[in-house]
Amino acid sequence: MLREILAVVVVALAGGPESKELDKAHQLWQAGRYAEAQEAYDAFEKQAKEDLAPALRTRLTLGQSDCLASQGEYDKAIDLLARRAGALPKEAGLWARLADLKFTRGDRPGAEEACKKALDADPDHLLGRWVSARLFEARGKLDDAVKAWKWFVDRYNERHADFSRDADAMLLVGQAAERYYRAVARGDELAEQLNDVINEIYEGALRADPRCWQAPWLEGRLFLAGYNESAAKRELARAQQLNPESAEVLVTLGQSDLQGYKLAPGRSKAEQALEINPHYAPASVLLADLNISDERFADAKTAARKAVAENPRDEEALARLAASCRLLVDPVGAAAAEAAALARNPRPATFYAALGERLADRRKYQGAERAFLLAAAADPHRADAPIGLGMLYMQIGRESEAYDLFRTAFDADPFNVRANNQMEVLKHMAAYTPVTTEHYSVLVDPAQDKLLGKYMGRYLESIYGELTKRFAYEPPERTQIEIMKSHRWFSARTIGLPFIPTVGACTGKVVALASPSATQKPFNWARVLKHEVVHVITLQQTEFNIPHWYTEALAVESEGYPRPQEWNKMLLERVPTRKGLLNLDTINLGFIRPKEAEERQLAYCQAQLYARYMLERFGSDSLSKLLDAYRRGLTTDRAVTTCFHVEKADFEAKYLEYLDEVVKTIRTRVSEEPPVKFSQLERMLKEKPDDADLNAQMAYEHFARRDFKAARPFANKALKLKAHHPLASYVKARLLVSIGEDEEALDVLEPALDPERPNERVIDLLAELQMKAGKLDEAERLYELARKDDPVHTKWIAGLARVHLRQKNKDKFLLDMALIADNDADDLDVRKVLAERHLEAGHAAEAEKWANECLYITVYEAPYHVLLADALLAQKKYTGALEEYQTALELKPKKPNDVKVKLARAQLGLGKKAEAKATLDGVLKADPDHPEAKAVQKELSGKE
């Protein structure tokens with residue numbers, strides 16, 4: 001838990017010159033100018049008389065100790081307080097501050113002793129009472145702690161006017177009241193009381209002292225505990241404006257970054273806090289959290305050990321140490337950290353809640369569940385344990401158990417946005433129904449996606465054998481797939497917050513998908529499902545030890561599609577310079593929280609290339625070897641060395657060499673050439689008038705503006721400077737074509753073609769002209785040459801398709817169209833053409849495949865069901881055909897009678913003559929002259 005604000009209450013002082021000097025020093029401390037404040041206090045002490053009044057001596061000492069503690073000089077602050085308290089034994093404020101600092105440093109016996117002396121001197125001393133209550137809490141004596149918190153509330157109610165003039169007193173009362181009300185109130189009553197804490201007490205502290213940065217900090221921390229990030233940041237910004245050097249505020253802002261997976265900004269804030277206060281344990285705890293989320297478990301353990309060294313009794317620090325040990329497969333270390341927490345507190349709720357959160361973050365569900373249950377048992381009044389357990393149950397498909405937990409959490413923390421959102425999600429999902437298959441349960445909104453659920457279940461079963469064989473693992477339980485009605489519900493269900501930048505997510509036990517029915521543009525949901533199911537298999541197979549990058553690498557590789565050109569473009573830009581490339585240390589962060597818009601796509605690209613690199617360098621079993629290493633709990637560094645017998649540095653160096661080879665196969669396409677401003681081109685050409693490339697580019701720019709007259713001299717000059725210049729030849733050929741001189745254009749283009757590295761514009765125009773001239777074989781040769789240079793460029797495949805269509809070479813045309821479909825998983829039109837053409841060619845099985853591919857993009861359009869049914873009928877798969885025709889009819893096709901006639905044929909195929917007759921009678925009643933219906937009826941009559 002964050003160190004509580006080190007506030008003190010001192011006796012009221014007369015407004016003499018000494019008091020004013022101390023006021024100035026205190027104001028410097030409040031503004032974060034700790035060194036200056038310390039100098040001011042020390043200067044005051046030098047000038048003060050030896051017989052300084054005890055009240056002033058106390059105030060001076062407290063100010064000096066604040067300055068030392070804020071800069072991490074805790075031992076010096078404790079030593080100073082101990083000496084001054086010994087000299088002034090009746091000054092309760094000195095003993096109380098000493099107790100507070102000793103408690104912060106984990107010295108419970110010392111804190112108890114100093115606290116006793118403070119309360120002996122003044123039984124009602126606020127800071128003494130505060131430390132006493134914290135000691136009860138730390139020892140697990142929650143009933144005594146609640147009574148201690150109540151004392152503050154009662155005293156505030158009795159002496160409201162006195163307290164409202166003292167900011168420090170208000171801060172202590174606010175924290176005590178917050179704890180008390182969380183323990184005794186629920187629901188609306190608690191919400192009302194917490195609002196009073198914020199608006200009356202914390203804001204009252206600011207009214208008493210406008211420099212009191214601690215008040216908005218505590219408000220921000222309260223909001224952040226409920227995942228209300230916007231409200232939290234607003235208050236934390238107020239606090240930081242008052243004190244930009246507060247380590248407490250910086251760490252809380254870093255925790256806000258952590259909640260949003262903004263790991264780099266969070267790390268920066270933790271490091272800033274440690275620069276200000278090198279011994280501030282919560283900053284090291286934050287670093288441990290950030291490292292765990294970034295899968296840097298060894299670094300997390302180092303940070304946790306540092307936090308424990310600062311305060312060996314800190315449950316927050318011990319929880320991070322236990323979590324990092326567990327994630328490093330060090331059960332002995334994890335058990336030792338837990339034993340340390342239990343030795344100091346038999347009910348360490350804070351320890352278990354924090355441990356559960358960290359383990360759940362890395363999908364260690366079994367350990368996280370145990371931790372959350374123990375946290376809830378240790379302190380039933382907390383909100384973090386039930387909400388953590390509820391989120392965990394949502395992740396593993398136990399939604400029925402989650403609602404009561406969120407209700408409990410919301411009652412315990414009415415400001416908790418995540419608990420409220422999840423309750424709304426579960427209310428919304430109450431109407432969902434499952435479509436169950438042998439290995440999957442697809443949960444859908446029946447009013448919108450019942451049909452989609454059916455086809456998803458069918459598809460999932462069709463790939464089950466392929467994937468489980470590939471990874472040699474079968475999930476032991478039925479996998480739950482949840483199709484959320486909209487992207488908003490998908491985001492809320494997945495993270496409990498309004499937005500997540502993807503349409504699919506996997507927790508390892510559950511796959512959630514935003515319904516394609518609600519998206520603006522249809523997408524290939526089968527591709528997304530296959531990707532997510534690979535995550536289910538690899539996460540469970542490795543007991544959730546597989547790092548993010550590797551499960552993504554295997555999922556992308558399993559999709560089976562060519563590398564997208566946008567990925568190629570990134571590789572072309574980054575690999576030669578090495579600028580912006582990811583490595584094994586940074587790639588996980590590219591998925592979790594990319595630093596720039598395209599970094600997440602780069603992470604997917606590089607992850608897949610890591611997989612292909614391993615296959616090429618280490619052999620066909622390399623991927624399974626690494627998977628098994630993660631199953632055994634090895635980190636990536638150890639796994640690389642163990643599996644491949646090379647050091648990580650060598651692994652990474654050779655990977656970069658592999659990327660260099662990949663880049664050699666990638667071409668910069670015309671559509672991706674960086675634009676050059678015309679004015680800039682003019683200046684460049686003025687500086688270098690005899691540069692062939694610049695003259696050719698200027699010719700092209702004029703041609704693109706349809707200023708043919710201006711383009712011609714630049715093209716001619718470029719060709720004079722460099723014979724057969726590709727771009728200049730292209731422009732000159734285009735100018736010739738524009739006046740009908742195609743043969744002359746061919747004469748210009750042919751010498752400009754380099755068969756080893758053909759220019760895209762040159763070979764494209766050459767092939768077009770050969771097509772135009774009817775020289776289809778030559779056009780085919782040219783397109784094949786272009787495709788050899790850039791194998792997955794749709795332009796060349798489409799050109800070949802046009803040639804093969806004109807040649808009436810149906811088989812090659814269909815192969816071309818299949819390649820085009822591979823290049824765009826969401827292209828519905830190409831898949832429809834493939835299904836129709838295969839059906840016409842008598843390739844019923846291929847037609848079935850492509851009709852199914854159409855349904856993987858949309859299941860709510862009748863023509864695609866008819867296509868699939870026709871393909872099934874042609875193969876005499878009458879049961880499937882019957883089902884598809886019926887589905888098509890439910891979707892209200894444009895020509896229902898035509899579909900019904902086909903339905904009758906399927907019924908006949910199944911021997912259901914009476915049903916076929918009834919179907920045909922219905923058609924002929926609506927359309928007595930329907931030719932196909934009459935023909936089938938005649939066939940039926942002949943069979944009777």
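Mentor: Start with Trp525. Trp525 is buried, at a relative accessible area of 0%; buried means under 20% relative accessible area, exposed over 50%, and partly exposed in between, with a 1.4 Å probe and protein chains only. Keep the basis in mind: this is a predicted model, where local features need pLDDT of at least 70, side-chain atom pairs count only at pLDDT 80 or more, and totals for chains, interfaces and linings use all residues. Residues are numbered from 1 along each chain as its sequence is written, and side-chain values use heavy atoms, with hydrogens and water left out.

Now the ring pairs. A pair of aromatic rings is described by the distance of the centres and the angle of the planes. Rings of Phe, Tyr and Trp (its six-membered ring) pair if their centres lie within 6.5 Å; planes under 30 degrees apart are stacked, over 60 edge-to-face, and the rest tilted. That rule gives 28 aromatic pairs. Trp525 belongs to helix α27 (residues 525-541), and Tyr856 to the loop between α45 (844-855) and α46 (862-874), so the pair ties together parts 331 residues apart in sequence. Helices here are DSSP runs (H or I, at least four residues), and strands likewise (E, at least two), numbered from the N terminus. Tyr856 is buried too, with a relative accessible area of 16%.

Compare another pair. The ring centres of Trp213 and Trp217 are 6.2 Å apart and their planes meet at 50°, so this pair is tilted. Trp213 and Trp217 are both buried.

Ring pairs link Trp549, Tyr550, Tyr610, Tyr613, Phe618, Tyr630, Phe644, Phe651, Tyr655 and Tyr658 into a cluster.

Charges also sit over rings. The test is NZ of Lys or CZ of Arg within 6 Å of the ring centre and within 35 degrees of the ring normal. Arg527 lies over the face of Tyr561, 4.3 Å from the ring centre.

One last stop, for burial on the scale of an element. Helix α16 (residues 281-293) has 13 of its 13 residues buried, so the rest of the structure largely encloses α16. Just after α16, Glu295 takes a positive phi of about 60°.
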